[in-house]
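Visitor: I'd like a quick tour of this one. Can we go through it by question and answer?

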Amino acid sequence: MSSEAEELKIEIRERFEDAYRLPVNAQISLYIFLELVVIGVLYNFYSGNLVEAFLIFLFVSSVLYPVIIKVRNFYTELIALSLYGATIFSVALYIFELLLMTEGGTSNPNVWMAIIFLLIFGVELFHHMYEKARVLKTKWVYIVDLVLSIFFFYAAYNLFSLIGADIMWTLVLSSISTLMFFFAIKPEAPF
Amino acid sequence: MDPIFYFLAAIIGAVIFGATYYFTRKRQDPILIKILEHLTRFYLDEKKFTLKKLSEELQLPEDVIEKALVKLEKAGLVMRISGGYVLVDPLVFLTPQDYERAIRLSKDNIIYGAYQLFYLAHPLIIVIQAAILLIPVILLFLVAFNFYGIADMIRNFFGGQVDPIIFSLFLLAISILLLDIINNFLKMYTREKYSVVVGFHAGILYDTNPSDELSGRITRGSISRVDIDINWSQKLNNLFGTIPVGDVEVWVHGRKTPIVFKSLPYPRELYSVIRSIQLGSLQWRKRHARELALWRGRIYPFYTYSKRRRK
């Protein structure tokens, strides 16, 4: 037994997860390969509409990036957040352009649906791309979550009242959906 | 709008977020690392320390130590208890409440603790979650090209009030929210039922039913063999998911079938931990405590893309 104990060498790797992930060059190659596939598909279906093709490309790149690239360092996180910034700004501009063509301003339910979409999409994509944001429990994170939830409640309230729900149903549905939103975005335990 | 505006918006967004991250991210926090090194050298195995004691030993002001301890507490490396703090073992993936419960019930140093994350790689759960996400994506695709006149149907259904694309995006957002909520509930559910803990002397303790309190016990001496089994869905999860998982089978003297712990995080590390307590060889913990703690806390400069072996 003692010789076994002596021979037992547990190799603790710098990065535990390396043992479970694809090699780094395989991760990068796979990501580039998938990006090229996406470009090919978009060229086939969206060759006449560059804007939508660009948006879909950014969105798919953002979703795929943290799934494929599992290297954790300052540079990969910097790329992730830059990609997030590019995606969210482009999507926000698209929504804004859609709404500019919509009549009625804030009395049009499309406006509030778009705002709700941006709120949810923005926060969830951020959590997806920057894992620490999902688990970080600081005072400022809770304050930001609360502020976003208040915006969400306001948008949901306007949406439900515009589609014809009475005041009671509007309040109930807005409250339920806001609670769901807060529960989804609040910091969580990683395990 | 001209596509050039979208390219500009993307560049501006990338620069703003990238620059914010670059300037706010602390690339190196020498005080955190100094404190962590001191703690992993002298306070491993849940030895209690206080703010005052640490301040005297490190010759640093108490408020500086306190700020650092708050950060370490948030990273899950340090836990506040009555009368002071203890260093949490880096291979403990439990909530603070469950970690305290494990220490209280085992009366032992906990060197590994985790929940059996069955939902992470269960094929049925993956299919359900994929369906929740794919249905609105397919709807969006159909609406964008007006296949089968779906866009017109949606427009007519709402009396022309609602734009079909915005409605599809709205549904997509709701499905993402639903997915997140389902995930959170699954996490809460597993935390109530399926924890597994390995103690220095106590062996392996685990929950046997939902209302259990770690009554399942495998002592060090009764372990005859340990095996890891990673099935195809766990393998896929390990390649592309957030937490690598695997089944760990523990063979006990006198039993024909192994006790199987399903979908535990970092199964290879658990295998090493169980083998170590079996053989009474735990020096690797002290030797690598600093690296383990830095890894667990994701504290720079731990993560570097380098093939050099760290000495």
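Predicted model: local features only at pLDDT ≥ 70, side-chain atom pairs only at ≥ 80, totals over all residues.

Visitor: How much area do chain A and chain B bury between them?

Guide: The size of an interface is often given as the accessible area lost when the parts come together. Here 72 residues of chain A are in contact with 75 residues of chain B. Carbon and sulfur atoms carry 69% of the buried area, and the total is about 7400 Å².

Visitor: Which residues form the salt bridge between the two chains, and how far apart are the closest N and O atoms?

Guide: The rule finds 1 salt bridge across the interface of chain A and chain B. The partners are A:Glu188 and B:Lys187, with their closest N and O atoms 2.7 Å apart.

Visitor: Which helix gives the largest share of the side of chain A that touches chain B?

Guide: Across this interface there are also 14 residue pairs in polar contact. On the side of chain A, several helices supply at least two residues each, including α2 (24-46), α5 (109-129) and α7 (139-162). The largest share is 18 residues, and it comes from α4(A).

Visitor: Is B:Ser168 buried or exposed?

Guide: B:Ser168 is found in helix α8 (residues 164-193) of chain B. Leaving aside neighbours within four places in sequence, its contacts are B:Leu139, B:Leu140 and B:Val143. Buried means under 20% relative accessible area. B:Ser168 has 0% relative accessibility, so this residue counts as buried.

Visitor: Which element of chain A do the buried residues of α9(B) pack against?

Guide: The buried residues of helix α9 (residues 232-240) of chain B are B:Ser233, B:Gln234, B:Asn237, B:Asn238 and B:Leu239. Within chain B they pack against α6 (123-145), β7 (223-229), β8 (245-252) and β9 (259-265). From chain A, the element they pack against is α3 (50-68).

Technical notes: Residues numbered from 1 in each chain as written. Chains lettered and ligands numbered in written order. Heavy atoms only, no water. Buried < 20%, exposed > 50% of the residue type's maximum accessible area, 1.4 Å probe, protein only. Helix = DSSP H or I, 4+ residues; strand = E, 2+ residues; numbered from the N terminus. Contact = heavy atoms within 4.5 Å. Buried area = accessible area lost by both parts, 1.4 Å probe. Salt bridge = Lys/Arg side-chain N within 4 Å of Asp/Glu carboxyl O. Polar contact = N/O pair within 3.5 Å; in protein donor to acceptor, adjacent residues only side chain to side chain.
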